[in-house]
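Hi everyone, thanks for making time.

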Amino acid sequence: MPLGPILIAGAGHAGFQVATSLRQHGCGERICLINDEAHLPYQRPPLSKAYLKGAGGPDSLMFRPDKYYREQNIELTADRAVSIDRAARRLTLASGAMLDYGHLVLATGARNRLLDIPNGNLEDVRYLRTLDESEALRRRIVAGQRVVVIGAGFIGLEFAATARAKGLEVDVAELSARVMARAVTAEISDYFQERHTAAGIRIHLGVQATSIESAAGRVTGVNLSDGRHLPADLVVVGVGVLPNVELAEEAGLQAAAGIIVDKQLLTSDPNISAVGDCALFESPRFGASLRLESVQNATDHARCVAARLTGDAKTYDGLPWFWSDQGDDKLQIAGLTTGYDRVVVRGDRGQRSFSAFCYKSGQLVGVESINRASDHVFGRRILGLNRSIEPEQAADTSFDLKAALT
């Protein structure tokens, strides 16, 4: 039975991958990829890493050139979805155009959580999520300038490392007691704090920005909750994101901390799926509902939905993995370490090559690796098999990890 036109609202990693995978699976239906940015669909991770350092131009970020979409008969529509008529199966765009669908995929992503303090909307207060934002920062990070980074998560620290390498004076303000506290173990946090401090970055923990000082409309500094004042010419904010659920909610779809979907990534409407950063999905692997922000999650969601729409319906069971490049160090994470109760370290922190193996009730739940790709690959494989090794084995560098996979 013909499915009818497939509309994909959002052209980030998830949206692009849905369109590509549909064609790879032999889907012959009309595919319309709705892109609300003024660029061809592009990769986001380099925006806070290599691209910010000055590597390549915008074209280097594009998933595919313009001709790819023509050759694959994927309609790339420069517009934004604003409302869904579920009864009529019709999507209205910001331009006023209306498109009928057989199936709608919501890949609406997430947006920056904005700083809500006095002077938080000045021109010199910047964010880093889109290509335009990265471009603006590339032009702004000039040696000798003073920048305050608000938030010591992945994005904040990636930017801080790049800015410091380019000769800027860098301060980082973070409310938590350690850097990346919500994402990694204390062992990994401590290592990165030490490395960033050694590079000349000043990290201020347990404080929050209370206001931004300015003169003639330009930033002059940031006031902290402990009474200190940090001089600044530029402020970069990385305090998390909010999922874009409004389109779904206004159409009567269930949403909470994301658009609620089932094990196959279907919403409460059988003609609408949701994927990527915006989706709160039921995970049999973890026995909970999750919303994850990662390239892996976006692309694996997309492949799962494309397979279902072409007759190969399966439960989504992807293993999460993440990475962050900060200065000369690469952090790679396999699994989810939420609720871990034991950490064992493998490798040599002094040699800048070690991993934190995280356990919960004796079972391996995640591996966080610094400059140790082989441990990351092992973590992805053994966790994907729902297997474990003993903590004592993980800590013993003479123990052959590959043998545990046979």
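Which residues of strand β7 (residues 103-106) point one way, and which the other? His103 and Val105 point one way, while Leu104 and Leu106 point the other way. All of these residues are buried, where buried means under 20% relative accessible area, exposed over 50% and partly exposed in between, with a 1.4 Å probe and protein chains only.

A word on what we are viewing: this is a predicted model, local features need pLDDT of at least 70, side-chain atom pairs count only at pLDDT 80 or more, and totals for chains, interfaces and linings use all residues. Residues are numbered from 1 along each chain as its sequence is written, and side-chain values use heavy atoms, with hydrogens and water left out.

Strands here are DSSP runs of E, at least two residues, numbered from the N terminus. Two of them pair if DSSP finds at least two bridges between them.

Now, the neighbours of β7. Strand β1 (residues 6-9) runs parallel to β7, joined by four bridges, and isoleucine 6 has histidine 103 as its bridge partner. Strand β19 (residues 272-274) is also parallel to β7, with three bridges; there, leucine 106 stands opposite alanine 274.

Three strands form an open, antiparallel sheet in the order β13-β14-β15. Its edge strands, β13 (209-215) and β15 (229-231), each pair on one side only. From one strand to the next, the twist averages 30°, with axes being lines fitted to C-alpha atoms and angles running from 0 to 180 degrees between N-to-C directions. Three bridges link β14 (residues 218-224) with β15, and glycine 221 stands opposite proline 231.
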